[in-house]
Amino acid sequence: METQLDPMKDDLPLMANTSYMLVKHYVLDLDVDFKGKVIEGSIVLFFETGSQYRKTSSAGKECCQSWFDETREMRASEPCHMINVSTCSSKMEYNDFAISGKEEEATSDENSNHSNSEQASGISSSKDRCDIENHGNKDFLLVLDCCDLSVLKVEEVDVAAVSGIEKFTRPAKLTGVSQELENLRNQIVHELVTLPADRWKEQLYYFTQCSQAPGCGELLFSTGTWSLEIRKSGIQTPADFPHAIRIWYKTKPEGRSVTWTTDQSGRPCVYTMGSPINNRALFPCQEPPIALSTWQASVRTAAGFIVLMSGENSAEPVQLREGILSWYYYVSMPMPASTFTIAVGCWQEVKQQSFKQTAAIETNTEFSLPSSQTDFRWHEEICGHVEYPCRFQNPAARLQAVIPYRVFAPWCLMESCEEYLLQLIPQCLSAAYATLGTHPFSRVDVLIVPSNFSSLGMASPHIIFLSQSVLPGGSHLCGTRLCHEIAHAWFGLAIGARDWTEEWISEGFATFLEDIFWARAQQLSHDEIKGQQELKALLRWRRLRDEVQNSEEELQVLRPKKESTGELSESGASVVKYGLKAEKIFMQVHYLKGYFLLRSLARTIGEISYLASLRKFVIKFHGQLVLSQDFLSMLLEDVPKEKGSGLTVESIFQNWLDTSGIPKPLLEEGETWKECQLVQQVSGEVTKWIQTNQRMRKSSKKKMKQDEVVFQQV
C-alpha cells in the first residue's frame, strides 16, 4: 500500500513501482475547458514488465494465429465495457499518419465527457475493492504517481480487437481461453513497444489504433495523496497484469501541475509552469526519471486558442465542428514524463519576412560546421541509449546548424519579440551547434509566457518558455537566457539526471554553456570574451556568497544523498530530497556551484580540451540518464595527468558536491576577478550611479543645481 509522506519532512515522494512495470508510451486524449478550469479526457498507458520481473506468465506467453482468429469471434460473449469510439479511417496508412501529424478524431464531443453513471462506476470500483490480504494470495498492485486529479474509471484496453494487429502475435501452446486472451493482449503490447526504430511510424499508427480500442473490463483502483493504485482481481504478477490500460480522469482547478491565468493581453490561458510536483496533477504517470517513455496527444479546445506542446511535429489544427479545433503532437524519443509540457492560449505567432530570416542565419555561416566533427569520428559511434530514431545517426540532422523554430507571444508583445527574439534565435542555435554538434531535437517553439511565470525561462522537448522580463533587457538579457534554455536540449533533456537531487547536472551545465554560446553568437574577440565571462563570474560569486549566508546548509549540497545517490527501493519508488521545501524553489545554488565546478575544471584542463570532452560526453550519453560520477570519470580518463595532481572523482565530491558553503577552491579565486579591466570599469560606473543618486536625493530637498554626469556604455 501507499507509503505515507512524513509531514515533518519536505521530500517529494516518487511512488510509482517502476521495478515491476514501466510505461513505454502514453496516448492522451483531452479537452481543455476554460470555463470550468479543468482538462479532462483519457490517457492510455502501454507497459513493459520491469526488467527485474520479466517472467513467463502463469499460463504461457503467446497464442497462435488460428486461435487469435477464433477468439476475435468469441469476444462478443466476453464481459466487455465498450466505449463508443470511432476508429481512424481503414484506408489510412501508418506512413501517412505519422508524416502528416494529423489523425481523425477518436472521440466525439459526447464521448469526451463521461455520464454520471460512468463516474459512479469508477467510484464503485474503488469502494468494492477487496482487501488483498483476504485473498489466498496477494494481487499485484500497480502504483502510479498522481495527485490533484479526479479519477473516474480505469479499464483494460482490448488491443486484440484492432484490425491488422495479428501481425504482432506468434504461435505458441494453448491453455485456458480467458488466460490466453490476456496473454495475447500483453504479447501484442510487448511486440508493439519493442518495434525497431526504423518502424517508428508504424508503431505510432498502431499506438493510436490500440488507444481507440474498446475497454474489456474495469479495473479496481483507489487514489491516495500522491498515488493512484490499480489492480485486477486474481492477477498476482506484473507479467500477467494488463499491459494496456485506459484511465478516465479530469484535473482540478487548484491542481499544482498547471496554472490557469490570463496573458499580458488579458486573454485566458493555461500552461505547465514547472511545478515541484511535475506533471502528476496533469495526468497519472510514472515520475521517476528511469521511466523513459514516448507520448502522443490530441487536445481539443475552442477556436481562437493555440495549443503548444512537447512534440516533434509543428501541429496544425483540425476543425472537428464549428468552434472546436483539435491539435495533435507526438514524440519518438523516450524521455521522463516530467518533461512533458503544454501551453494553451490565444498566442500569436511572430513572423518576419523571409529575407530577414535568411540574412540572420547567413551572418553566422562560420558556425555551420561544428568542431565536434573534426575532433571525433563521432558519426561512426554506436549510440548507447534504447532504440529510437536518433538524430545523431541521421546524416542530414548532423549538418543542421539551425533547426526550424517558431515564436509565439501575446498580441501586445509581438513587436518586442520581432525586434529582439527573432533575430537572436538562429544566432544562438548556430552557436550551440558549433559548440556541441548535432541538435538533439528536430525543431523548437519559443513562447513568451504570462507574467506570473516565476522563472526567466524553462526548457522542455521542442519548446522553450521565456519570461517577458527578458525582452526589456535588449539583446543581451534575451540572448543569454535563450542560450541557457537552448543548452538544456543537451543537458537536462537529451542527457538527464538519474537522480533528481543532482539538479546541477542540468542547471550547472546550462549556466556554464550559456556563456560559451552567447560569446560565439556575438562573435566577440578573445579579450572581449574573457572580460565578459570574468564579470559574470564575479556577479555569480557574489550571488552565491549571499545565498550561502542566508540559506539552510542542507539546501546548499549538490549531492544531498551522497553515496545513496541513484539508489531506489525494491519497487522502484524513491524520494526527491527536499523536493517540496518552499525555499528550494527560489535557490540558485545548483546553478551557481555547478557552474563554478565546470568553470574550474575548464580552467584546469584548458577550454579547448574541455569542450572536446563535453562533445564526447554528449555523443556517448545522449538519450540516457547519468550520475555525477559518469561525467567526472570520463573527463578524468581523458586527462590522466591531472589525477596525479590530486584531481579525482572523490576530491571533487568532497570539495564541490557533498558539502555546504562555498567550495574551498572557489574561495581562493574570489579576489582575482577584481583585476579584470571590464570588472573595474563596471565597478566605477556603479559607484558613479550610487553617488549621483545620493546627490540627487539631497538636492531635491535643497533644490540645488547639479553638474551633469556622463555615464559610459559598458
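Predicted model: local features only at pLDDT ≥ 70, side-chain atom pairs only at ≥ 80, totals over all residues.
**Phe 512 and its partner**

- Tyr 610 also counts as buried, with a relative accessibility of 0%.
- Phe 512 and Tyr 610 form an edge-to-face aromatic pair, with 5.5 Å from centre to centre and 85° between the planes.
- Helix H11 (residues 504-522) carries Phe 512 and helix H14 (residues 607-621) carries Tyr 610, so this pair ties together parts that are 98 residues apart in sequence.

**Other aromatic pairs**

- How many aromatic pairs does the structure hold? There are 24 aromatic pairs.
- One of them joins Trp 295 and Phe 340: the ring centres are 5.5 Å apart and the planes meet at 75°, so the pair is edge-to-face.
- Trp 295 sits in strand S12 (residues 293-302), while Phe 340 belongs to the loop between strand S15 (324-335) and strand S16 (342-345), so the contact ties together parts 45 residues apart in sequence.
- Both partners are buried: Trp 295 has a relative accessible area of 2%, and Phe 340 has one of 4%.
- Ring pairs also link a cluster made up of Phe 491, Trp 504, Phe 509, Phe 617, Phe 621 and Phe 631.

**Charges over rings**

- Arg 540 lies over the face of Tyr 595, at 4.4 Å from the ring centre.
- Arg 559 takes up a position over the face of Phe 653, at 3.6 Å from the ring centre.

**Nonpolar cores**

- In soluble globular proteins, nonpolar side chains tend to be buried together.
- Here the largest nonpolar core has 159 residues, and Ile 230 and Ile 247 are those with the most contacts inside it.
- Helix H9 (residues 414-436) provides the largest share of this core, 11 residues.
- Which domains does this core draw on? At least three residues come from each of domain 1 (14-55 + 137-334) and domain 2 (410-674).
- Leaving aside residues up to four places away in sequence, Ile 247 touches a set of residues, among them Gly 41, Ile 43, Leu 45, Leu 144, Val 151, Leu 228, Ile 230 and Pro 284.
- A second, separate core has 22 residues, including Phe 46, Val 157, Val 159 and Val 162.

Conventions:
Residues numbered from 1 in each chain as written. Heavy atoms only, no water. Core = buried A, V, L, I, M, F, W, Y, C linked by side-chain atoms within 4.5 Å. Buried < 20%, exposed > 50% of the residue type's maximum accessible area, 1.4 Å probe, protein only. Helix = DSSP H or I, 4+ residues; strand = E, 2+ residues; numbered from the N terminus. Domains from an automatic or database assignment. Contact = heavy atoms within 4.5 Å. Phe/Tyr/Trp six-rings, centres within 6.5 Å; stacked < 30°, edge-to-face > 60°. Lys NZ or Arg CZ within 6 Å of the ring centre and 35° of its normal.
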